[in-house]
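Here is a short note to read with the model open beside you. Take the points in order.

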Amino acid sequence: MAWGRGAMLVALVVALCLSALGADAQLKVGYYSYGCPAAELIVKEEVEKALIDDPGVGADLLRMHFHDCFVRGCDGSVLIDSTEDNTAEKDAQVNLTLEGFEIIDAIKEKLEAACKGVVSCADLLAFAARDSVVHYGGIHYRVPAGRKDGTVSKEGDTSILPSSALDLTELTKLFISKGLSQNDMITLSGAHTVGIAHCDAFTDRLYDTDETLDQKYAKALRKQCPPGSNNTVSMDPKSPQRFDNHYYRSLLKNRGLFTSDQTLLSTQGTTTQVKRLASNYKRFQRKFAAAIVKMGEIGILTGSEGEVRANCRKIN
């Protein structure tokens, strides 16, 4: 069938529009180069200030990014406050130990002063997680941006977040459901090289016979976590504020803190992956950077799908 010039022009316009829509739906490095060129520098400077005051809070910002992405996608929904008629994600039991929301507030205030209504809370959180990793000694990686903020945050949705008791099969299934591979899961678990854990997340391993836990380590943990207490311990006691690969070396000595850590040695294939990361610091750094960028693409909202919140705690 022959097309007239008018029909061909319409088809060309439609194709260009569809192309534009497809491009808009993709994140890109340097997204704020024109709209807010100082955005990433502002985030970095504020994160550095916060870490001077509280050296451990960077681990919370990293965990916050993970918890945001796994629930409804990377849309900043973990930052929204509860209201009289809705309990938000941040008030779910699993998120009650998250700290650093006031840091996000301070960064957002600076961003709004510099370029009002431009930088989303979801992107802010992705930048802050990256800058926390770098502060602890990890490599600097480029963060593609362009996420929009979501308008829904519900406590019940956090049930998807992995617990410290999950085994390898359960963890793998969960990560695959989010578009991540088992290797991604093992690599992202390396974030446990920084931060702290509450005793109630692993005490069942201390007072029940757990052959996968080094008994000398278990004895030391029992002193820190007597029955009935909910103290905190370092996830990686040897270098708790260094983003290194000691986490994997500890696993090979049966010194993983959580069941979900030690389970990474459940098969020959996963053990091989752990050994590779344990033996090569630069490999871990590269793999982690790639995996967290991939995680940052989960369920994103772009274009007109979401909004840019003026206050990360409240929907516009």
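Where do Phe284 and Phe288 both lie, and how many residues apart? Both are in helix 13, four residues apart, about one turn of the helix. Helices (H or I, at least four residues) and strands (E, at least two) are DSSP runs, numbered from the N terminus.

1. Ground rules. This is a predicted model: local features need pLDDT of at least 70, side-chain atom pairs count only at pLDDT 80 or more, and totals for chains, interfaces and linings use all residues. Residues are numbered from 1 along each chain as its sequence is written, and side-chain values use heavy atoms, with hydrogens and water left out.

2. Aromatic pairs. Rings of Phe, Tyr and Trp (its six-membered ring) pair if their centres lie within 6.5 Å; planes under 30 degrees apart count as stacked, over 60 as edge-to-face and the rest as tilted. The whole structure holds 11 such pairs. Phe243 and Phe284 have ring centres 5.6 Å apart and planes at 20 degrees, so they are stacked. Phe243 sits in the loop between strand 2 (232-234) and helix 10 (246-252), and Phe284 in helix 13 (residues 281-295), so the pair ties together parts 41 residues apart in sequence. Phe284 and Phe288 are tilted: 5.9 Å centre to centre, 55 degrees between the planes.

3. The cluster. Phe243, Tyr247, Tyr248, Phe284 and Phe288 form one aromatic cluster. Phe243 and Phe284 are buried, and so is Phe288. Buried means under 20% relative accessible area, exposed over 50%, partly exposed in between (1.4 Å probe, protein chains only).

4. Helix 6. Which residues are buried in helix 6 (residues 168-177)? They are Leu168, Leu171, Thr172, Leu174 and Phe175. Seen down the axis of helix 6, they fall within an arc of 165 degrees, so they line one face. The arc is that of the directions from the helix axis to the C-beta atoms. The face turned away carries the exposed Thr169, Lys173, Ile176 and Ser177.

5. Disulfides. A disulfide is a pair of cysteine sulfur atoms within 2.5 Å. The whole structure has four. One of them joins Cys121 to Cys312, with the sulfur atoms 2.1 Å apart. This link is left-handed, at -95 degrees about the S-S bond. Cys121 is in helix 5 and Cys312 in the segment after helix 13, 191 residues apart. Cys121 counts as buried at 0% relative accessibility. Cys312 is buried too, with a relative accessible area of 2%.
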